[in-house]
Amino acid sequence: RQGRFVIRSAFGGKHDGLVLSGSEDTQVYVWHRHSGALLRKLPGHSCAVNSVSWSPASPHLFASASDDHTVRIWGLPPPSVS
């Protein structure tokens, strides 16, 4: 059930192929933009995550901000080459 929070999402990653989203459930979600598949569910905050932002310097880094008064910096592994 949605509460009173504004949750921000952001496109990013290589070729803007990923979507980040915060959540009221304290998690950060990473989705594949075109397939809609959930790729990662990242714990680390203790309150709603209301903002996420990709690093302008690297397609593998992003930050999340929460009502727990923390900002976390995350790194996704680069895609493996088969």
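**Exercise 1. In which order do the three strands of the open sheet stand, and is the pairing parallel or antiparallel?**

Solution. The model is predicted.
Step 1: Take the order. The three strands run S5-S6-S7 in an open sheet.
Step 2: Take the direction. The pairing is antiparallel.
Step 3: Find the edges. S5 and S7 each have a single partner strand, so one side of each is left without a neighbour in the sheet.
Step 4: From one strand to the next, the twist averages 25°.

**Exercise 2. Work out how S6 is joined to strand S5 and to strand S7.**

Solution. 
Step 1: Locate the strands. S5 covers residues 49–54, S6 covers residues 61–66, and S7 covers residues 71–75.
Step 2: Look at the S5 side. Five bridges join S5 to S6.
Step 3: Look at the S7 side. Five bridges join S6 to S7.
Step 4: Check the turns. The hairpin of S5 and S6 has six residues between its strands. The hairpin of S6 and S7 has four residues between its strands, and His69 takes a positive phi near 70° there.

**Exercise 3. Which residues of S6 lie on its covered face, and which on its uncovered face?**

Solution. 
Step 1: Recall the rule. In a regular strand, side chains alternate between the two faces of the sheet.
Step 2: Sort the residues. Phe62, Ser64 and Ser66 make up the covered face. Leu61, Ala63 and Ala65 make up the uncovered face.
Step 3: Leu61 has a relative accessible area of 37%. Buried means under 20% and exposed means over 50%. Leu61 is therefore partly exposed.
Step 4: List its contacts. Beyond four places in sequence, Leu61 touches Trp54, Ser55, Trp74 and Gly75. Trp74 is 13 residues away along the chain, yet the C-alpha atoms of Leu61 and Trp74 are separated by 5.7 Å.

**Exercise 4. Is Thr26 buried or exposed?**

Solution. 
Step 1: Thr26 sits in the loop between strand S2 (18–21) and strand S3 (28–32).
Step 2: Apply the cut-off. Buried means under 20% relative accessible area. Thr26 has 18% relative accessibility, so Thr26 counts as buried.
Step 3: See what Thr26 touches. Setting aside neighbours within four places in sequence, Thr26 is in contact with Leu42, His45, Ser46, Cys47, Ala48 and Val49.

Technical notes
Residues numbered from 1 in each chain as written. Predicted model: local features only at pLDDT ≥ 70, side-chain atom pairs only at ≥ 80, totals over all residues. Heavy atoms only, no water. Helix = DSSP H or I, 4+ residues; strand = E, 2+ residues; numbered from the N terminus. Buried < 20%, exposed > 50% of the residue type's maximum accessible area, 1.4 Å probe, protein only. Contact = heavy atoms within 4.5 Å. Pairing = 2+ DSSP bridges. Axes fitted to C-alpha atoms, helices over the stretch in contact; angles between N-to-C directions.
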